Amino acid sequence: MSVPLPQASAPAPSSTPVPASQSAPTDAPVTIPLPDDPSGPVTLPLPDGQEPTPTPAPTVQYPIGAHGRPDINPYDRDIDMTVPLTFQNRTLGEIPLRLTADDRFLLESETFIRLMKSILNDPAHVELTNKLSSLTQFGEEDLDQTGVRLTYDPSTLAVVVVEVSPEQRAISNLFAPPRDDTNDISLEPASLSGYLNLSVLGTYIWEGSQLDPPTINFDGAVRLGPVVFEGDAQLGQEFGLTGDSYRFSRNFARLVYDEPKEYRRWFLGDLDPEIRGQQSFVSMGGIGVVRQKRRFNSFRSAILQANRQLIIQRDSTVRFLRNGSLYREVRLQPGRYDFSSLPLIAGSNDIDIQVTDNSGAVQNLSYQQYLDPIDLDPGDHEYGAYLGPTSRTFGRAPDYRGPVAFSGFYRKAFFNAPAIGVGLQASEDVQTLTGQTQFVLGNGGRLLLDGGASNSKAAGQGFAGGVGYEHFIDRGGLSDSLTVRADYISPKFATLNNLEAINTTSVTVSAQYTRQFSLKFLTTSTASYLKGRNGLRDSYRLGTTGYYRLNRKWTFRAGVDYARFPTAGSRGSGFSVSVGLVFQPDYRRRAEARYESRDDLKELSYNQSGLNQLNSVGFGGIIAHENNNARANGFASYSANRFDASISHASFGPSISDFGAVNATSVRVGTTLAFADGQFGIGRRINDSFMLLAPHENLGKRSVVAGQSIAENNYISRSGALGSALNNFLGSYATQSVQYDVEDPPTGYDTGPGIFRVYPSYKSGYAARIGTDAFVSAMGTLILAPDQPVSLIGGRVTLLDVEEGENPKPLPFFTNSVGRFAIANLLPGRRYLVETYGPNGSIDKSFEFTVPADTDGLVRLGTVRPGMKK
């Protein structure tokens, strides 16, 4: 609805206009809590004994109306609308507002209390709630003694929060990383959901007409409430010393239970233990638990988390400098601000904060922050613990006839001390204790240390240790990095997967240095050395590769290296050069031509990846020739509505003249069966979470698509005879949008907003029914006489024939400047009453109408007069 309101005689107000009678102090102490002061914030005095002096705030004048107030509503009737609520140049949200005929404005109390939660601290919000909770609507006068002042800005149709006293404001986080906004979630996961991915792979060898038995892969999950059962298995041919067999084998099957608020996940069944430092991986069955914040918030950045607050009692400009470089400059109004999320870099961080008030006075605060995360957020910790019998097999179905073992670790990152990590792995045959720490150096370097000690029945006592050094160099827009790592393993160091301490290498040293000469040219140099044991010779390798970006699509690569491998006369030992040319016009397409002298390798490749959309095609191929081998491989993939398929063909030969001596063709077809709260659909592979979308029964045979638009043919799947449309591309623990569309809906049919906002749990499913029983829209024109439309009036629409169990809410009613109106979300075959508001919210005019039972979505009421019944 467009409401032409009169413009003020003065210039348009700022985002936080202040009445003329209001004044605010512009010079007051700036309070800054020092980082390591447990007694709390300290107040920095004003320079030279300066005293606070008030300065009048800017004012905006509007014409005074007949009711003795600024003339914000010249239409002499109440007008209802929804407007933004703003504070300090940001919008808090939308709020219902009524402009009264006597130039007052009233706000909905419940919405206002909710939106002010982010502005007020807890005591102030409780006080505001107590003040307004008994009122459905409130005006300016109802906010007396609350410390909050409002004004209405007709030029922007917005309600502005003019004033919140600094001591009542909530703390504002200046450097908060992006977070998932769970307040706008519009759909919750199904209580019962699941999916099963199926794929069949077959290979045909043309020479000898050999067709291998197909391999069938199964994997999926079922979620009931907070518990997930997930599994993976296959039916296929296995090759062994005693012959081949075609059998069913389980890869894993387990129960998973998450505690997202605690960043914790529990396992029961087949385990994949996580390891740290010198620990070793071993397959186990039993119970496990792991706590890791990044598992539930994978986009979280490494930032400082501590009690760092800035309390400003006057308008000020604040500059944050990190290691001598300006990170950010902000203009802050009086209030509390948290800068504990200031992003830091690994190493010593010199932080300088300069506060300049509006009189020009400057206050400084400097401190050093030590960042030592060991891949953790500062102050965070993580742990894992797994207990159960170990498997004696590798690469096949687990066989838990090994000894019972424990594997676990704990790591903690501190604020002002080196981080630590400890680990323990133990069974009756071997016990291993490990530790980790690191020291962050003042020059941007970091020293990492880890070690382990073991005791084994078969080998005795052993130890292992490692040291690493990392150095990051920032050169004003360009950067270099250096990494050096050295490890030693004693002859008797044993682990859970190496009970007899078979260690053929004693020392491993590696280094890498990357130099960025310009935005187009960089080089990477590497070196590695392995010292053998028990007769195995030493090996080493040195090399440098340069990359030059010719333009946005073309990159040239060239490198040299020298290598010596453990076996005398090993193929590939010696000096080698390589060159390559890469063409990458976009993220989907990549072509490369390369040559390596070590194996006389010449290769040409192209790849174009498919999209997760209907009828998407991907394809590519490789042609290569080296010493005594020529080969070619081509492949293509296709994404259909209910399945995806791929085909590849490979040809081999000892030389170019004998190319094609061996030919093999492989075909794979995959599909997915999914269900959620009574809905079923068939689609393409699901890796984590999903949504099923089906049309409402009153949409008939019309299709629903998961994706952006039918018109643009840009969608993931489509509903039909085989069930709901399946969106197979949702990840867990991140807020996402799921778009949908309906094929050729009836005119006036309400299909909803066209988007769902979801926050999926681990391997959860959603069920959405697109459409509604209340799908009808009505249009008409409200007039008093042929030439007198009822313009710019508000009201409500009420269902008259309410059935048992229904509790419908009134719908809003508006007319435009020529009396036209539109009403949505009406039920077919039902009768409605329309009432319009007069002065002071009283009911002025009304009419009734009935929605035909056989309507397909749009009812044209034509010309309507007050008192009419249609």
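In what sense do strand β53 and β54 pair, and over how many bridges? Strand β53 (residues 794-799) pairs with β54 in the antiparallel sense, over four bridges. Two strands count as paired if DSSP finds at least two bridges between them. Helices (H or I, at least four residues) and strands (E, at least two) are DSSP runs, numbered from the N terminus.

This is a predicted model, in which local features need pLDDT of at least 70 and side-chain atom pairs count only at pLDDT 80 or more, while totals for chains, interfaces and linings use all residues. Residues are numbered from 1 along each chain as its sequence is written, and side-chain values use heavy atoms, with hydrogens and water left out.

**Overall**

- The protein has three helices and 58 strands.
- Of its 870 residues, 43% count as buried, where buried means under 20% relative accessible area, exposed over 50%, and partly exposed in between (1.4 Å probe, protein chains only).
- Among contacts between residues at least 6 apart in sequence, 55% join residues at least 24 apart; contact means heavy atoms within 4.5 Å.

**The sheet that holds β53 and β54**

- Four strands form an open sheet in the order β54-β53-β56-β57, with antiparallel pairing.
- β54 (811-814) and β57 (843-850) are at the edges with a single partner strand each, so one side of each has no neighbour in the sheet.
- From one strand to the next the twist averages 25 degrees, with axes as lines fitted to C-alpha atoms and angles running from 0 to 180 degrees between N-to-C directions.
- Glycine 795 lies opposite phenylalanine 813 in β54.

- A hairpin of two residues joins β27 to β28.
- β27 and β28 pair in the antiparallel sense over seven bridges, and glycine 423 stands opposite threonine 434 in β28.
- β28 also pairs with strand β29 (residues 445-456), in the antiparallel sense over 11 bridges.
- Threonine 434 has glycine 452 as its bridge partner in β29.

**The cavity**

- One cavity of 30 Å³ or more is found in a search of the whole structure. On a 1 Å grid over the protein atoms alone, a cavity is a set of points where a 1.4 Å probe fits but cannot get out, and lining residues have an atom within 4 Å of a point.
- The largest cavity holds about 30 Å³ of space; grid points are joined across faces, edges and corners, and the volume is the space filled by probe spheres set on the points.
- Its lining consists of Arg276, Gly277, Phe409, Gly421, Val422, Gly423, Thr434 and Gln436.
- β27 (420-427) and β28 (430-440) are the elements that give two or more residues to this lining, and β27 supplies the largest share, three residues.
- Two of the lining residues are nonpolar, five polar and one charged. Ala, Val, Leu, Ile, Met, Phe, Trp, Tyr, Cys and Pro count as nonpolar, Asp, Glu, Lys and Arg as charged, and the others, Gly among them, as polar.

**Two buried loop residues**

- Threonine 100 is in the loop between β6 (90-99) and β7 (105-108) and is buried, with a relative accessible area of 2%.
- Apart from neighbours within four places in sequence, threonine 100 is in contact with Asn73, Arg77, Asp78 and Leu106.
- Alanine 413, in the loop between β26 (404-412) and β27, is buried with a relative accessible area of 0%.
- Alanine 413 and aspartate 380 are 33 residues apart in sequence, and 5.7 Å apart in space, C-alpha to C-alpha.

Key. On a 1 Å grid over the protein atoms alone, a cavity is a set of points where a 1.4 Å probe fits but cannot get out, and a pocket is an open set with protein on both sides within 12 Å along at least five of seven lines; lining residues have an atom within 4 Å of a point.
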